[in-house]
Amino acid sequence: MTYMSTRSNFDNNLKELKDLLLKMASKAETAIKESMLALVNQDLEKAQQVIDGDNEIDDLEYEINDMALLLIARESPVATDLRKISAALKVSSEVERFADIAVNIAKSALHIGKEKHFKEIIDIPKMMEMALEMVSESISAYYAEDITLAKKCAEKDDEVDKMFGSLVQELMSYIPQNPNATNQIIQLAFVCRFIERIADHSTNIAEDVVYLVTGNRVNLND
Amino acid sequence: MSNITLTRQVFDINNLNLWYGDHHALKDINFPINKKEVTAIIGPSGCGKSTFIKTLNLMINMVPNVKMTGEINFNGQNILSDKLDLVELRKNVGMVFQKGNPFPQSIYDNVAYGPRIHGMKRKVHLDEVVTKSLMDVALWDEVKDRLHTPALGLSGGQQQRLCIARALATKPDVLLMDEPTSALDPISTLKIEELILELKEKYTIVIVTHNMQQASRVSDKTAFFLMGELIELDSTSTIFSNPADERTEGYITGRFG
């Protein structure tokens, strides 16, 4: 059905809200990638930049929240319109968590500092690659309101969980032979946990997308 | 259908069709209305919502050339086919309109009008009904010192509440409201809405409204009419959060209609 453009201004505002969220997500994604590079390359300056850059992402979240609340107050949205605004609020809070996780990884990089890695870091970036795919798919699914992509994203969560389990076990097994690297190993185990959380937040976004499009709540985390 | 469901219904409308001359204004309407619920009817101008509400107390028969088929069962009696006492029906199914329309009489006489027609004569009884009805619509405190002054001296919002009191004075089961706040200021509107929420403890209310926020605030069920058809009838929360029909969605989100 084609509708008369009775609410083109509101439609533009909804689009702006979405674009703002895309901008925020892209900054958060970059922060995650930078934090990983900082960790692997022991680039402490980069780690500090990620930590300092978090304010900017927080500000974007406030901006999205303010705009969403203003639209609720001004437009009295219902049905799909209301779900779009609700999704923007929920997704922006997940994206804010992405950025916080990037900060956590950067902090781990700082904790390890310049202390030589007890072993070359290979698997953690692989796990991160998978989690980043989920980030990118969840955000694309939100932007395109694409349920198929949302579900595809959520399916990867199990794999990330498995990698998390085996990586942490592996890391712990190194401690007896490398007692001096205990701090480093614990930090790396934390990083694995952070990455696993990135996948969880992506899955949450995928669920928000299904609700946004269909109005039905689903648990894609089973 | 279980008996429990049946006893909850005050109206059960089946395959109702209505024509104004050649114009088919209501098409195959099936519409149960539950006791002590507020049912809101929404839809664009000319969709049949006012026509529909006027069939419920047969006010529609005042329009020339109206023809109806189907059933409107009110408390088990089909008001379209059975021998029917119209006065009794309208005593049980009261109605208020867009703008308060008090009679050019005193406040007291407006409320006492219905009970008097139905044979209530003793002042003590009439006083009781008038007091109670005015209290029910939260008008008592505002008018108790001037009950015998002209009703037309009241403000628009007060006049509308007086008309609701007048409708309540005959102790109806159902109260029909045809855009009861469209001529009122925002505060008077909110007072009427609060009143609706209080009245539903005792009465079944059917309200036609152009104000969708109003429908979402006061009603339990919402019905969307379009071009004489009942497109969707569901719980108000479903209609306003996730309607099944895309025409309902288009209308409530303000994209057509």
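Modeller: Gladly, and let's begin with strand S7 of chain B, which is mostly covered, since four of its five residues are buried. Please keep in mind that this is a predicted model.

Biologist: What makes a residue such as Ile185(A) count as buried?

Modeller: The cut-off for buried is 20 or more other C-beta atoms within 10 Å. Ile185(A) has 21 of them within 10 Å, so Ile185(A) is buried. Ile185(A) sits in helix H7 of chain A. Leaving aside residues up to four places away in sequence, Ile185(A) touches Leu171(A), Tyr174(A), Ile175(A) and Asn178(A). For chain A as a whole, 38% of the 222 residues count as buried.

Biologist: Which residues of H6(A) and H7(A) make the contact?

Modeller: H6(A) contributes several residues, among them Phe164(A), Leu167(A), Val168(A) and Leu171(A). From H7(A) come others, including Ile185(A), Leu188(A), Ala189(A) and Cys192(A). By class, the contact has eleven nonpolar, one polar and four charged residues.

Biologist: Now to chain B. What is the order of the strands in its open sheet of six strands?

Modeller: The order is S6-S7-S8-S3-S9-S10, and the pairing is mixed.

Biologist: What makes S6 and S10 of chain B the edge strands?

Modeller: Each of them pairs on one side only. From one strand to the next, the twist averages 15°.

Biologist: How do you know that S7(B) and S8(B) pair, and in which sense?

Modeller: Pairing takes at least two bridges. S7(B), residues 174-178, and S8(B), residues 204-208, have five bridges, in the parallel sense. Within that pairing, Leu175(B) has Ile205(B) as its bridge partner in S8(B), and Asp178(B) stands opposite Val208(B). S6(B) and S7(B) also run parallel, joined by four bridges, and there Gly94(B) stands opposite Leu175(B).

Biologist: Which helix of chain B packs on that sheet, touching S6 and S7?

Modeller: That is H7(B), and its direction makes about 170° with that of S6(B). H7(B), residues 156-168, also packs with H4(B), residues 107-117, at an angle of about 30°, their axes 7 Å apart. On the H4(B) side, the contact includes Ile107(B), Val111(B) and Tyr113(B), while H7(B) supplies Leu162(B), Ala165(B) and Arg166(B). Sorted by class, that makes five nonpolar, two polar and one charged.

Biologist: Where do the buried residues of H4(B) pack?

Modeller: They pack against H5, H6 and H7 of chain B. Ile107(B), Asn110(B) and Pro115(B) are among those buried residues. Just after H4(B), Gly119(B) takes a positive phi of about 95°.

Biologist: How many residues of each chain meet where chain A is in contact with chain B?

Modeller: Twelve residues of chain A are in contact with 14 residues of chain B. On the chain A side they divide into six nonpolar, four polar and two charged. For the complex, the predictor gives an ipTM of 0.75 and a pTM of 0.84.

Biologist: Where in chain B is confidence lowest, and where is it highest?

Modeller: Helix H1 of chain B, residues 3-8, is lowest at a mean of 55, and strand S3 of chain B, residues 38-42, is highest at 98. Over residues 1-6 of chain B the pLDDT is below 50, and that stretch has one contact beyond near neighbours in sequence. Chain B has a mean pLDDT of 93, with 96% of its residues at 70 or more.

Note on methods. Residues are numbered from 1 along each chain as its sequence is written. Chains are lettered from A and ligands numbered from 1 in the order in which they are written. This is a predicted model: local features need pLDDT of at least 70, side-chain atom pairs count only at pLDDT 80 or more; totals for chains, interfaces and linings use all residues. Two residues are in contact if their C-beta atoms, placed from the backbone, lie within 7 Å. Ala, Val, Leu, Ile, Met, Phe, Trp, Tyr, Cys and Pro count as nonpolar, Asp, Glu, Lys and Arg as charged, and the others, Gly among them, as polar. Helices (H or I, at least four residues) and strands (E, at least two) are DSSP runs, numbered from the N terminus. Axes are lines fitted to C-alpha atoms, for helices over the stretch in contact, and angles run from 0 to 180 degrees between N-to-C directions. pLDDT is the predictor's confidence in each residue, from 0 to 100. A residue is buried if 20 or more other C-beta atoms lie within 10 Å of its own, exposed if 12 or fewer, and partly exposed in between; C-beta atoms are placed from the backbone.
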